[in-house]
Amino acid sequence: MRGARVLLALVAALLLCGAAASGAPAATADIPDAVAPATRPPGFRTDAAQATAIARRAPAVADVLRARPDVDVFAVVVDQHAWSIVFTDPVDGRTRAEVAVSARGAVGQAWTGVQASSPLTRDGLDPTFRKPWVWLPFALLFVAPFVDPRRPRRLLHLDLAALLGFGASCVALDRGHGAAAILLFYPPLLYLLGRCVVAGLRPRPRGRLVPLLPTAVLAVGVLGLFGARVALNVHSPQVMDIGVASVEGADRILHREPLYVPGPGHGDTYGPLNYVAYTPFVAALGAGDPGLRAAHAATLAFDLLTLVGLLVLGLRLRAGPEGRRLGLALAWACAACPFTLLGVMDNTNDGLVAALLVWMLVALAAPVARGALLGLATAAKFFPGALLLVVARGRVGGGRRAGPATAGACLGVVAFAIAVYLPAGGQRTFGDCTLGYQLSRPPDLSAWTLLPPGTWLRPATELGVVALVAALSLWRGAPRTPGQVAGLAGAVAIALQLPAGHWFYFYIMWFAPLVLVAVLAEHGGERAAAAAVPQSWSADSAAGAGAGSGSGGGADAAASSRSARLAA
């Protein structure tokens, strides 16, 4: 309990560092908005109306206008040197076409369909990441330690192939096939959802995890992989808008300005902890340098925290050398996964959620600590709040009061974080800027972009996801191991992404560590497989296990040993 109190004290101190910001006067967001038709920016030869007329004559736009002559048209100045003419559907708000027009009136690129609705389809993949010499070695290293030539049909091979399966969608997106890219990322999501449910409810010992590589090679490999991630992050100049927004929000906190303000763009759409987490890096490196060094530093720090957390988690799951091998295997898989690398190279803020969820699993035996860490993740990106019942009902330690203690700590941290940074407009302004904005956005990169507006399939999917999350959260059974909690949490995290109107490969970082813990924890050396259940995380459970070993423990161990030999 002492450690839990210390953690809560640190959380409070971290959030209070910008408490004065909540009382500052409102300000306007520095986001470019649509301009009036007669507007002609300095240095432009065309005004907004002329640029719009030029964009209408583009062949791709002419086809859109024939199908939808009543579209709304907006002209936006981009980087003070060009026009972006946007054509949106007045019924559902979807962007149907977008045309780049130079300051001199020349038509540049024109996008329609998925490429118009989501700019990420044009430049979301880091240019360096697209190179085969980057993603291909990482993909090979991702599976290399876990391949067992003697058992080519073992389930782990399929699990890792599913995680790499998002690559087919990436290839389609890189070649301009937006619709195909969308359709191709659902099969891996659905497989991993089912696999996490199985790992969470019916885990099985499955034999050796790393059949060929010695522990020393794993250790050197993890160091090398992280070094490569650092080098690629430094080499990449790309900082996605979510990384820029995080740095700008941290800068507002440091300058005692309001964090949530009404206005277009909504770079303030995340929870307050997201911006608080960036404040040390902005304070040290600044927010205005061209390379946004603060975003790079924060990304690498979150990545390192995730990998270290997986190493520690392996030691918590199993004792001795097998725990070290499991921790190294988890860190290797996460570091070699091409899609966690993409988030690192693009400097998104998704690594913060991954780090907090991993450390939440590390602290699973302490109800208050795991609740506080889940609360921090929820106060950063909101969606982890859906994992609360799964985590609270993990029953790994703490007795009957563990669930209420976990829920109370989580909800307390979230409520405290919001209260500290509540804007002058109160809860309504906070909700409009964050969840209200996210839930009201028209679909731009998902199956719902391809389907007609108002389709019955989306509410049916939402209802199914709610039912699944409720079932996984309330399922009663034997006390769950940390691997099972990770599996159920991964299933919930993936399920929430199915009805979402926006999806991108960065979101793999949210569930990849959970999936890896769930599927890799089923494997291990022969001694770990014979044990069948990881070591207890609570004194009460350990005492119960010791008492049971004197009666039926021998029979259970013998049965587990036979199961391990069959699995091997």
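## Basis and overall make-up

Helices (H or I, at least four residues) and strands (E, at least two) are taken here as DSSP runs and numbered from the N terminus. By that definition, the protein chain holds 29 helices and four strands. The model is predicted, so that local features need pLDDT of at least 70 and side-chain atom pairs count only at pLDDT 80 or more, whereas totals for chains, interfaces and linings use all residues. Residues are numbered from 1 along each chain as its sequence is written, and side-chain values use heavy atoms, with hydrogens and water left out.

Of the 568 residues in the protein chain, 52% are buried, a term that means under 20% relative accessible area, with exposed set at over 50% and partly exposed in between (1.4 Å probe, protein chains only). The protein chain exposes about 24300 Å², of which carbon and sulfur atoms supply 64%; accessible areas come from the Shrake-Rupley method with a 1.4 Å probe, and for residues only the protein chains shown count as cover. Among contacts (heavy atoms within 4.5 Å) with a separation of 6 or more in the protein chain, 74% link residues 24 or more positions apart.

## The four-stranded sheet

The four strands form an open antiparallel sheet in the order β1-β2-β3-β4, where two strands pair if DSSP finds at least two bridges between them. Its edges are β1 (72–78) and β4 (107–112), each of which pairs on one side only. On average, neighbouring strands of this sheet are turned by 15° against each other, direction ignored; axes are lines fitted to C-alpha atoms, for helices over the stretch in contact, and angles run from 0 to 180 degrees between N-to-C directions.

Seven antiparallel bridges connect β1 with β2 (residues 82–88), and within this pairing Val73 has Phe87 of β2 as its bridge partner, while Phe74 has Val86. Helix α2 (residues 48–56) packs on the sheet and touches β1, β2, β3 (95–102) and β4, its direction making about 65° with that of β2. Helix α3 (residues 59–67) also packs on the sheet, touching β2, β3 and β4 at about 150° to the direction of β3.

Seven bridges likewise join β2 to β3 in the antiparallel sense, and the two strands form a hairpin with six residues between them, in whose turn Gly93 has a positive phi of about 80°. Seven of the seven residues of β2 are buried, so this strand is largely enclosed by the rest of the structure.

## Nonpolar cores

A nonpolar core is a set of buried Ala, Val, Leu, Ile, Met, Phe, Trp, Tyr and Cys residues joined through side-chain atoms within 4.5 Å. The largest has 134 residues, and those with the most contacts inside it include Phe146, Phe166 and Leu189. Leaving aside neighbours within four places in sequence, Phe166 is in contact with residues including Phe185, Leu189, Phe339, Trp503 and Phe511. Another core, of 19 residues, lies apart from it, with Ala51, Ala55, Ala97 and Val99 among its members.

## Helices α12 and α13

The axes of α12 (residues 241–254) and α13 (residues 272–285) come within 7 Å and cross at roughly 80°. The two helices are therefore roughly perpendicular to each other, the class for angles of 65 to 115 degrees, with under 35 counting as roughly parallel, over 145 as roughly antiparallel and the rest as oblique.

Leu273 is placed in α13 and counts as buried at 3% relative accessibility. Although Leu273 and Ala379 are 106 residues apart in sequence, their C-alpha atoms are 5.3 Å apart in space.
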